[in-house]
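Try each task yourself before you read its solution.

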Amino acid sequence: PVNIYHTWQGDLIIDLRSPSGTVVRLWNGSGGSSNNIIGTFADNGSSIYPYQSLSGFNGGSANGVWTLSIYDQWGLDSGTLNSWGVNITCN
């Protein structure tokens with residue numbers, strides 16, 4: 001789940017890197033002038049569909065450090081990463 005306050009969603013690029021080095025782009029500047037990104041990225045659309053499928057992480061190790069990177073492509077607006085986490089479901 002993520003909780004990001006930002007005054008222009010369309011400015012943001014969000015990537016998640018697994019411990020094995022796989023990177024999945026979660027957000028790719030969509031949303032236009034809408035504010036904030038709050039919810040859970042999930043391929044089943046339970047909250048927010050990721051830009052790239054989370055299946056890119058399949059087969060990799062879940063143990064270790066996960067890294068969330070957020071890039072603001074434009075100036076003038078500001079934002080805050082309030083919280084984030086990774087929930088791992090094994091089938």
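## Exercises with worked solutions

**Exercise 1. Decide whether Phe-57 and Trp-66 are buried or exposed, then describe how their rings are arranged.**

Step 1. Phe-57 has a relative accessibility of 14%, so it counts as buried. Please keep in mind that this model is predicted.

Step 2. For Trp-66 the relative accessible area is 17%, and this residue is buried too. Both values fall under the 20% cut-off for buried residues.

Step 3. Now look at the rings. Phe-57 and Trp-66 make an edge-to-face aromatic pair, with 5.1 Å from centre to centre and 75 degrees between the planes.

**Exercise 2. Find how many aromatic pairs there are, and work out which parts of the chain Trp-27 and Phe-41 tie together.**

Step 1. The count comes to two aromatic pairs.

Step 2. One of them is formed by Trp-27 and Phe-41, whose ring centres are 6.4 Å apart and whose planes make an angle of 70 degrees. That angle is over 60, so the pair is called edge-to-face.

Step 3. Trp-27 belongs to strand 3, whereas Phe-41 sits in the loop between strand 4 (37-39) and strand 5 (67-72), so the pair ties together parts that are 14 residues apart in sequence.

Step 4. Trp-27 and Phe-41 are buried.

**Exercise 3. Locate the salt bridge and say how each partner is placed.**

Step 1. Searching the whole structure turns up one salt bridge. Its partners are the side chains of Arg-25 and Asp-15, at 2.7 Å from N to O.

Step 2. Arg-25 is in strand 3 (residues 23-28) and Asp-15 in strand 2 (residues 12-17), so to speak a link between distant parts of the chain, ten residues apart.

Step 3. Compare the accessibility of the partners. Arg-25, at 26%, counts as partly exposed, while Asp-15, at 10%, is buried.

**Exercise 4. Describe the surroundings of Gln-9.**

Step 1. Gln-9 is found in the loop between strand 1 and strand 2. Its relative accessibility is 11%, so Gln-9 counts as buried.

Step 2. A polar atom of the Gln-9 side chain lies 2.4 Å from the backbone oxygen of Asn-36.

Step 3. Not counting residues up to four places away in sequence, Gln-9 touches a set that includes Trp-27, Gly-29, Ser-30, Gly-31, Asn-35 and Ile-37.

**Exercise 5. Where does Ser-18 lie, and what does it touch?**

Step 1. Ser-18 lies in the loop between strand 2 and strand 3, and with a relative accessible area of 4% Ser-18 is buried.

Step 2. Setting aside residues up to four places away in sequence, Ser-18 touches Phe-57, Val-65 and Trp-66.

Step 3. The C-alpha atoms of Ser-18 and Gly-64 are 8.0 Å apart, although 46 residues separate them along the chain.

Terms used. Residues are numbered from 1 along each chain as its sequence is written. This is a predicted model: local features need pLDDT of at least 70, side-chain atom pairs count only at pLDDT 80 or more; totals for chains, interfaces and linings use all residues. Side-chain values use heavy atoms; hydrogens and water are left out. A salt bridge is a side-chain nitrogen of Lys or Arg within 4 Å of a carboxyl oxygen of Asp or Glu. Helices (H or I, at least four residues) and strands (E, at least two) are DSSP runs, numbered from the N terminus. Buried means under 20% relative accessible area, exposed over 50%, partly exposed in between (1.4 Å probe, protein chains only). Rings of Phe, Tyr and Trp (its six-membered ring) pair if their centres lie within 6.5 Å; planes under 30 degrees apart count as stacked, over 60 as edge-to-face and the rest as tilted. A polar contact is a pair of N or O atoms within 3.5 Å; within protein, one must be able to donate a hydrogen and the other to accept it, and residues adjacent in sequence count only if both atoms are side-chain atoms. Contact means heavy atoms within 4.5 Å.
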